[in-house]
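This briefing goes through one protein model, element by element. Please have the sequence and the 3D view open while reading.

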Amino acid sequence: MIRSDTLLRAKLIVAGVVTIYTYSLPPVYESSAIVFIDTRSSSNTPTTLTAFTLGEQRALSNELGILRNSAELATRVATALLETANAAGTRDRFPILAPDRDGHEPSIREIALRLQMQVRFQPLSDQDMIVITAESTTPEEAAVIANRYAEEYEKYSRERSRESLAAARAFVENQVEQRRQELEGLERQWETFARSRQVVRLGPQGERLVAEVAQLEAQRDAARFQLEQERSALQFIERELQKLEPGLVNELVKSRQVSTLEAQIDALSRKIAELRVQAEQYYVFNPKLRGNEEKLGDQQLVEIVRQIDHFEKQRQELQAQLVKEMMGRDNQGAPGEPLSYVEQLRTRRIEKQLAIQELERQIEAFNQELAKYDDRLAGIPRQQIELEQLERRRAMAEQWYTTFVQELQRIMIAEQSELGYVKIVSSAFMPTFPVKPNRVQNIVLGLLLGLGLGLGLAFLRQALHTQLDDPEQVREHGYTLLGVIPAMEPYIRKHFRGRKLVEVDGKTRSTTLVSLLDPWSPIAENFRLIRTNLQFSRTAGRASTWLVTSPEMGDGKTVVAVNLAVVTAHSGQRTLLIDADLRRPRAHHLLGAPDRPGLAELLLGKLRLEPEAWATDIPNLYFLPAGVLDQPPAELLGSERMHRLLEQLGKSYDVIVVDSPPVLAVTDPVLLAQQCDATLMVVAAGRTDLKALDIARQTLEAVNVTLAGVIFNRYRADKRKSYGYGYGYGSRYHKGYGYYSREAAAS
């Protein structure tokens with residue numbers, strides 16, 4: 001049974017603690033600004049700029065990583081916040097700027113650290129937006145922090161975008177100047193050469209040979225230009241990484257697996273470069289072959305292209321594996337997992353390094369191929385070769401110069417029009433109500449938590465508490481309930497002022513003898529009910545013998561035995577009370593009688609059997625005390641002499657009540673139970689364990705003794721609604737009936 005008082009106490013305690021804690025918390029306000037992230041790449045982005053950008057699209061997760069982890073951005077917001085507060089003279093309204101416990105003003109770095117704890121960022125992936133939410137104990141500070149973060153983030157994105165454009169512009173400007181100087185030099189050389197030397201015409205074979213050499217040199221120059229471009233982009237990425245991760249330059253020594261992958265990639269790159277040079281020789285004489293090798297080319301070119309595709313696929317797989325190894329990423333990670341901004345930079349750096357290595361190998365392959373033409377060119381007049389080379393170089397330089405000038409113009413226009421990829425969609429406003437603590441919600445949760453805790457404690461208590469608390473438990477577990485004895489302590493406190501002994505008519509009595517001191521009391525009435533339930537068990541021709549025992553010590557069996565004997569005597573039956581607890585006798589204390597001689601002396605043959613000699617001052621009640629024993633009680637209580645003694649005593653009395661030790665303490669009650677008509681088991685409310693009662697019954701049943709019933713002792717009727725044992729049935733007996741008045745007992 002789950003007690004309602006346990007639930008109520010737990011609920012009230014938890015709810016009270018939660019309420020006090022909730023009202024002790026300062027109010028917290030929240031304010032949010034929303035920014036839009038342009039994740040799409042511009043359609044008119046200059047070609048050269050692609051080498052300096054971080055990818056075709058910006059990932060929302062990368063921008064979240066910048067907002068959450070960028071110390072530079074947090075520092076800029078802290079600086080702007082401090083300037084705003086100082087300019088308005090409202091620094092005292094910004095708790096984030098408050099001095100520390102020692103009274104020191106916080107530094108910019110400390111304010112930035114506080115900011116990172118007060119601001120959170122939530123993506124709206126389906127709308128390419130990020131919500132910047134700031135919280136503070138003052139509404140004004142929450143709104144200002146959110147707005148400053150959005151504004152500084154917008155500026156930060158503009159600067160980042162323009163940094164890429166500025167790096168590309170610087171590269172192209174340098175290339176324009178170099179190409180201009182190169183073009184001017186080539187033009188001067190060509191004019192000088194044409195005026196000083198006579199040009200000789202070559203035949204078809206010589207012209208073709210010179211054209212092949214010029215074409216290879218043009219391809220080598222294009223590779224050199226691309227190499228310069230990739231190196232410049234790599235320098236830009238290195239600067240970005242050094243800015244974000246100061247310790248990034250000093251990387252750890254690469255693992256053996258990384259070195260192996262690099263060696264494999266290097267070998268494949270060399271092979272691919274050689275095959276591409278071979279394929280270019282076919283494309284020089286027939287440009288239509290490019291992309292149409294299967295239809296127009298011969299089998300040898302088709303095989304070269306197939307090998308290039310095969311090796312390229314292998315190299316891409318190894319490069320992807322190399323990136324994962326160098327990034328320290330788990331190969332079992334989820335596919336498509338977005339890289340953070342720093343990770344993306346590092347990936348791009350690796351890609352640029354690999355691209356530079358490949359271009360260097362291509363240039364080396366072109367140089368090796370050009371070296372093969374040295375012998376074939378020896379038979380051609382040197383002046384004609386030089387002239388052809390000058391014309392080719394001058395035409396190419398002019399083409400490159402024009403291209404770079406146009407590219408520079410596009411980059412300058414893009415740089416001037418670049419506004420960044422972050423736009424503020426909604427500014428933060430000053431909140432009116434705090435978001436936490438939600439006092440109503442916390443109190444309701446506290447009540448629910450208290451209810452849950454109370455239920456848990458109640459069930460736990462019920463699971464751990466195996467003591468008998470209610471008489472119904474006796475019946476539920478298959479026992480016969482002979483009666484219920486209310487707890488005597490409240491009665492004794494009320495009528496005997498809590499005393500253990502009282503003197504009545506010169507006799508000292510225990511106040512637990514309620515059936516003697518106040519026969520009209522409800523407690524005495526319950527003892528009479530037990531007597532009534534047992535009076536039909538008397539055997540014809542001899543007395544009814546009732547053994548009173550208990551599972552363990554302290555259950556109140558002696559008090560029950562003495563009171564049961566008193567109410568039986570009051571009914572007019574000659575009743576003998578035998579104190580068979582030879583180890584710890586107590587019945588004589590309750591009656592105020594001597595403890596010897598008694599049962600021990602009778603069993604030892606030291607005392608004559610004289611039934612009338614054991615009469616007490618209570619009519620019809622006789623008492624045989626325990627006496628003094630000098631040997632183990634079990635030897636005598638289980639002897640034939642004890643059996644004969646009970647038979648002889650049964651001829652002189654109507655009822656014999658035997659008080660014995662607890663069943664689980666010694667074997668004495670088991671031996672006595674075999675010689676008695678009824679065995680009564682006394683259990684105490686809230687004390688006797690159900691398992692102990694079951695073991696006691698099993699112990700008796702092992703010797704073919706069946707319990708006559710259970711007496712539920714010390715029951716608090718005022719705390720249990722299911723039993724209404726009142727105290728209102730009369731107030732006194734008079735001496736004219738041979739009993740004691742309550743006034744006399746209390747005097």
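In strand S11, valine 658 is the bridge partner of leucine 547. Leucine 547 belongs to the pairing of strand S8 (residues 544-549) with S11, which is parallel and runs over 5 bridges. The model is predicted: local features need pLDDT of at least 70, side-chain atom pairs count only at pLDDT 80 or more, and totals for chains, interfaces and linings use all residues. Residues are numbered from 1 along each chain as its sequence is written, and side-chain values use heavy atoms, with hydrogens and water left out.

**Terms**

- Helices (H or I, at least four residues) and strands (E, at least two) are DSSP runs, numbered from the N terminus.
- Two strands pair if DSSP finds at least two bridges between them.
- Strands of a sheet pair through backbone hydrogen bonds, either parallel or antiparallel.

**Whole protein**

- The protein has 25 helices and 13 strands.
- Of its 747 residues, 45% count as buried (under 20% relative accessible area; exposed is over 50% and partly exposed lies in between, with a 1.4 Å probe and protein chains only).
- Among contacts (heavy atoms within 4.5 Å) with a separation of 6 or more, 81% join residues 24 or more positions apart.
- The accessible surface comes to about 39,000 Å², and 51% of this belongs to carbon and sulfur atoms; the area comes from the Shrake-Rupley method with a 1.4 Å probe, and for residues only the protein chains shown count as cover.

**The parallel sheet**

- An open sheet of 7 strands has the order S5-S13-S12-S8-S11-S9-S10, with parallel pairing.
- Strand S5 (481-486) and S10 are at the edges with a single partner strand each, so one side of each is left without a neighbour in the sheet.
- On average, neighbouring strands of this sheet are turned by 20 degrees against each other, direction ignored.
- Helix H24 (residues 690-701) packs on the sheet and touches strand S12 (678-684) and strand S13 (707-715). The direction of H24 makes about 165 degrees with that of S12; axes are lines fitted to C-alpha atoms, for helices over the stretch in contact, and angles run from 0 to 180 degrees between N-to-C directions.

**Strand S9 within that sheet**

- S9 (residues 575-579) is mostly covered, with 5 of its 5 residues buried.
- Thr575, Leu577 and Asp579 are buried on one side of S9, and Leu576 and Ile578 are buried on the other.
- S9 pairs in the parallel sense with strand S11 (residues 655-659) over 5 bridges, and leucine 577 stands opposite valine 657 in S11.
- S9 also runs parallel to strand S10 (residues 621-624), to which 4 bridges join it; the partner of leucine 576 in S10 is tyrosine 622.

**The antiparallel sheet**

- An open sheet of 4 strands has the order S2-S3-S1-S4, and its pairing is antiparallel.
- Its edge strands, strand S2 (119-124) and strand S4 (422-426), each pair on one side only.
- Neighbouring strands here are turned by 30 degrees against each other on average, direction ignored.
- Strand S1 (residues 29-37) pairs with S4 in the antiparallel sense over 4 bridges, and isoleucine 37 stands opposite valine 422 in S4.
- Helix H2 (residues 60-69) packs on this sheet, touching S1, S2 and strand S3 (129-136), and its direction makes about 175 degrees with that of S2.
- Helix H4 (residues 108-118) also packs on the sheet, touching S2 and S3, with its direction at about 45 degrees to that of S2.

**Helices H17 and H18**

- The axes of helix H17 (residues 522-534) and helix H18 (residues 557-570) come within 9 Å and cross at roughly 75 degrees.
- H17 and H18 are therefore roughly perpendicular to each other (65 to 115 degrees; under 35 counts as roughly parallel, over 145 as roughly antiparallel and the rest as oblique).
- Ala524, Phe527, Arg528, Ile530, Arg531 and Leu534 in H17 meet Val560, Asn563, Leu564, Val567 and Thr568 in H18.
- By class, this contact has 7 nonpolar, 2 polar and 2 charged residues (Ala, Val, Leu, Ile, Met, Phe, Trp, Tyr, Cys and Pro count as nonpolar, Asp, Glu, Lys and Arg as charged, and the others, Gly among them, as polar).

**Two arginines**

- Arginine 76 lies in helix H3 (residues 71-88) and is buried, with a relative accessible area of 18%.
- Leaving aside its neighbours within four places in sequence, arginine 76 is in contact with Glu152, Lys155, Tyr156 and Glu159.
- Arginine 584 is in the loop between S9 and helix H19 (587-591) and is exposed, with a relative accessible area of 54%.
- Arginine 584 and proline 661 are 77 residues apart in sequence and 7.8 Å apart in space, C-alpha to C-alpha.
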